[in-house]
Amino acid sequence: KQLEWLGRSLSRLDDMSEFLGNLRTLSGLEAGMIEAAAAPVDVGRILREVVEQNQDLARQRDHSLNLELPKDLPPVLGFDRLLREAVVNYVTNAVKYTPEGGRIVVRGAYRKPTVLIEVEDDGPGISKEDQERLFGEFVRIPPKGEEKPRVKGSGLGLSIVRRVVTAHGGRTGVRSEPGKGSTFTIELPALE
């Protein structure tokens, strides 16, 4: 019984640590962190590393996690750690919310004048009305017909992604339909 209590306590501490890290990131963005540390960022390298680092997580749920990347993707001006965190958030959400055996594709593309990042899954999809609230703070959307979300989290992840991307002069978005999966996007100004 004590081991069970200890396990639950450790799980709650992990959740709290993640939450505090998210709040620290938000406060850094509000304090102008981007301007102080801006440097050219290799988005292709970030995408390769994030896909590689999350293969084990994807395999645990029997997902395929693939990368589609052109040979030459121009860099963007920004902060590597924050952009990496934004991509990780998209990928881990796709893994968590896609039913077992799903397919996830991470793409990079150059659409002058922007670098486009997409994370596509074949999960349950998101209704139009829920898409409008998705990037808000503390927003967690349960599956249709359920009162609570099945996946744990603080509801700050997508809000942080939006703030990171906005601080880099870019835009976030989502294309989705219930039952047809989702594609989450990041558009960033390319360094030319």
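Biologist: Let's start with threonine 185: buried or exposed?

Modeller: Threonine 185 has 8% relative accessibility, so it counts as buried. Before we go on, this is a predicted model, in which local features need pLDDT of at least 70 and side-chain atom pairs count only at pLDDT 80 or more, while totals for chains, interfaces and linings use all residues. Residues are numbered from 1 along each chain as its sequence is written, and side-chain values use heavy atoms, with hydrogens and water left out.

Biologist: What is threonine 185 in contact with, leaving aside its neighbours within four places in sequence?

Modeller: Contact means heavy atoms within 4.5 Å. With those neighbours left out, threonine 185 is in contact with residues including Tyr90, Leu116, Thr172 and Val174. Take leucine 116, in strand E5, residues 114–121. Leucine 116 is buried too, at 7% relative accessibility. Leaving aside neighbours within four places, its contacts include Arg107, Ala109, Thr185 and Ile186.

Biologist: And how far is leucine 116 from threonine 172 in sequence and in space?

Modeller: They are 56 residues apart in sequence and 9.8 Å apart in space, C-alpha to C-alpha. For the protein overall, take the contacts with a separation of 6 or more: 71% of them are between residues 24 or more positions apart.

Biologist: What joins the side chains of threonine 172 and arginine 162?

Modeller: A polar contact is a pair of N or O atoms within 3.5 Å; within protein, one must be able to donate a hydrogen and the other to accept it, and residues adjacent in sequence count only if both atoms are side-chain atoms. Here, a polar contact of 2.9 Å links the two side chains. Threonine 172 lies in strand E6, residues 171–176, and is buried at a relative accessible area of 15%.

Biologist: Now helices. Which residues of H3 are buried?

Modeller: An α-helix has 3.6 residues a turn, so residues three or four places apart point the same way. In H3, residues 43–53, the buried ones are Val43, Gly44, Ile46, Leu47, Val50 and Val51. They cover an arc of only 160° around the axis, which places them on the same side of H3; the arc is taken from the directions from the helix axis to the C-beta atoms. Exposed Glu52 and Gln53 are on the face turned away from the buried side.

Biologist: Which residue caps the N-terminal end of H3?

Modeller: Aspartate 42 does, with a side-chain oxygen 3.1 Å from the backbone nitrogen of glycine 44.

Biologist: At what angle do H3 and H5 pack?

Modeller: Axes are lines fitted to C-alpha atoms, for helices over the stretch in contact, and angles run from 0 to 180 degrees between N-to-C directions. H3 and H5 (residues 80–97) pack at about 45°, axes 10 Å apart. That makes the pair oblique: under 35 degrees is roughly parallel, over 145 roughly antiparallel, 65 to 115 roughly perpendicular, and the rest oblique. Residues in H3 that meet H5 include Ile46, Leu47 and Val50.

Biologist: What is the handedness of the H3 and H5 crossing?

Modeller: A crossing is left-handed if the near helix is turned anticlockwise from the far one by less than a right angle, and right-handed if clockwise. H3 with H5 is right-handed, while H5 with H7 is left-handed. The axes of H5 and H7 come within 9 Å and cross at roughly 145°.

Biologist: Last one, the backbone. Which residue has a positive phi although it is not a glycine?

Modeller: Most residues other than glycine have a negative phi, and most peptide bonds are trans. Aspartate 62 has a positive phi of about 60°. Aspartate 62 is in the loop between helix H4 (55–60) and strand E2 (64–68), and is exposed at 56% relative accessible area. As for peptide bonds, a cis one joins lysine 112 and proline 113, with omega about 10°. Proline 113 is in the loop between strand E4 (103–111) and E5.

Key: Buried < 20%, exposed > 50% of the residue type's maximum accessible area, 1.4 Å probe, protein only. Helix = DSSP H or I, 4+ residues; strand = E, 2+ residues; numbered from the N terminus.
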